[in-house]
Amino acid sequence: MPGLDEVLYYLTGIWHLVRKRQEGFGWLDLSWRGLVRSFWAFVWSLPALAVIWASWRLYFLARMPEGTGAGIDFVLKMFVIDAVGWMLPLALVAVLARPLGYAQHVATMIIASNWIGVPFAYATAIPFAISLVIPSLSAFSGLLLYAVFGASIALQYRLLWMCVGKQSLLAATLTALFVLPPLLAGQGLQVLFGTLPS
């Protein structure tokens with residue numbers, strides 16, 4: 001598992017890339033080993049995801065009949081939902097690489113997208129943490145969550161734009177792949193697993 005120093009090193013490269021600086025690629029390990037190790041980014045995101053799950057659990061219980069359970073099985077369901085949301089766009093990007101003509105960029109995109117997922121997770125956890133600690137600020141945390149979501153889409157686009165050689169249309173298409181399928185799959189799994197308040 002990559003240590004904190006290594007993760008921060010990679011995130012420096014991500015920061016350069018979203019600022020449209022080509023030297024950002026030099027901060028990433030773009031080898032096969034680097035591709036495999038980039039999936040540790042999900043593990044590094046787990047503390048932030050745990051905050052989100054805890055906040056969602058309270059939201060769920062507050063809107064369900066008294067006595068409704070939400071124990072370890074609830075947490076495991078949330079873990080599966082987020083794991084699917086993380087992996088699904090990467091799988092779609094890999095499957096569509098040859099038909100859409102960007103196969104040479106796939107590894108770079110997966111590595112960069114995995115690592116940018118870490119700050120995205122922690123940024124998303126902030127509004128959930130606010131609603132968890134100060135429930136009276138739920139309206140503000142909701143607005144902040146929308147702002148974080150919008151910023152993440154913009155930054156994901158800039159990252160992918162750099163990864164695919166500054167092709168705007170392709171970057172926009174790939175950004176949609178990273179955003180829409182996880183949202184739809186997450187909604188479907190929430191309904192299937194019963195983690196949405198009824």
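**Helix packing and pockets**

Tutor: The axes of helix 4 (residues 72-95) and helix 6 (residues 106-133) come within 10 Å and cross at roughly 165 degrees. Axes are lines fitted to C-alpha atoms, for helices over the stretch in contact, with angles running from 0 to 180 degrees between N-to-C directions. Helices are DSSP runs (H or I, at least four residues), numbered from the N terminus.

Student: What does that make helix 4 relative to helix 6?

Tutor: Roughly antiparallel, because of that angle. The cut-offs are over 145 degrees for roughly antiparallel, under 35 for roughly parallel, 65 to 115 for roughly perpendicular, and oblique for the rest.

Student: Which residues make the contact?

Tutor: Helix 4 gives Trp86, Leu90, Val93 and Ala94. Helix 6 gives Val106, Met109, Ile110, Ser113, Asn114, Gly117 and Val118. Contact means heavy atoms within 4.5 Å. By class, that is 8 nonpolar, 3 polar and no charged residues. Ala, Val, Leu, Ile, Met, Phe, Trp, Tyr, Cys and Pro count as nonpolar, Asp, Glu, Lys and Arg as charged, and the others, Gly among them, as polar.

Student: Is this a predicted model, or what?

Tutor: Predicted: local features need pLDDT of at least 70, side-chain atom pairs count only at pLDDT 80 or more, and totals for chains, interfaces and linings use all residues. Residues are numbered from 1 along each chain as its sequence is written, and side-chain values use heavy atoms, with hydrogens and water left out.

Student: OK, helix 1 and helix 7. At what angle do they pack?

Tutor: About 90 degrees, with their axes 8 Å apart. Helix 1 and helix 7 are therefore roughly perpendicular. Ile14, Leu17 and Val18 of helix 1 meet Leu155, Arg158, Leu159 and Met162 of helix 7.

Student: New topic. What volume does the largest pocket have?

Tutor: About 1,800 Å³. A pocket is an open set of points on a 1 Å grid over the protein atoms alone, where a 1.4 Å probe fits, with protein on both sides within 12 Å along at least five of seven lines; lining residues have an atom within 4 Å of a point. Volume is the space filled by probe spheres set on the points, which are joined across faces, edges and corners.

Student: Which residues lie nearest its centre?

Tutor: Asp82, Thr124, Phe128, Leu145 and Leu183, out of 46 lining residues. The lining divides into 29 nonpolar, 15 polar and 2 charged.

Student: And the second largest pocket, how is its lining split by class?

Tutor: It has 11 nonpolar, 1 polar and no charged residues.

How values were computed
Helix = DSSP H or I, 4+ residues; strand = E, 2+ residues; numbered from the N terminus.
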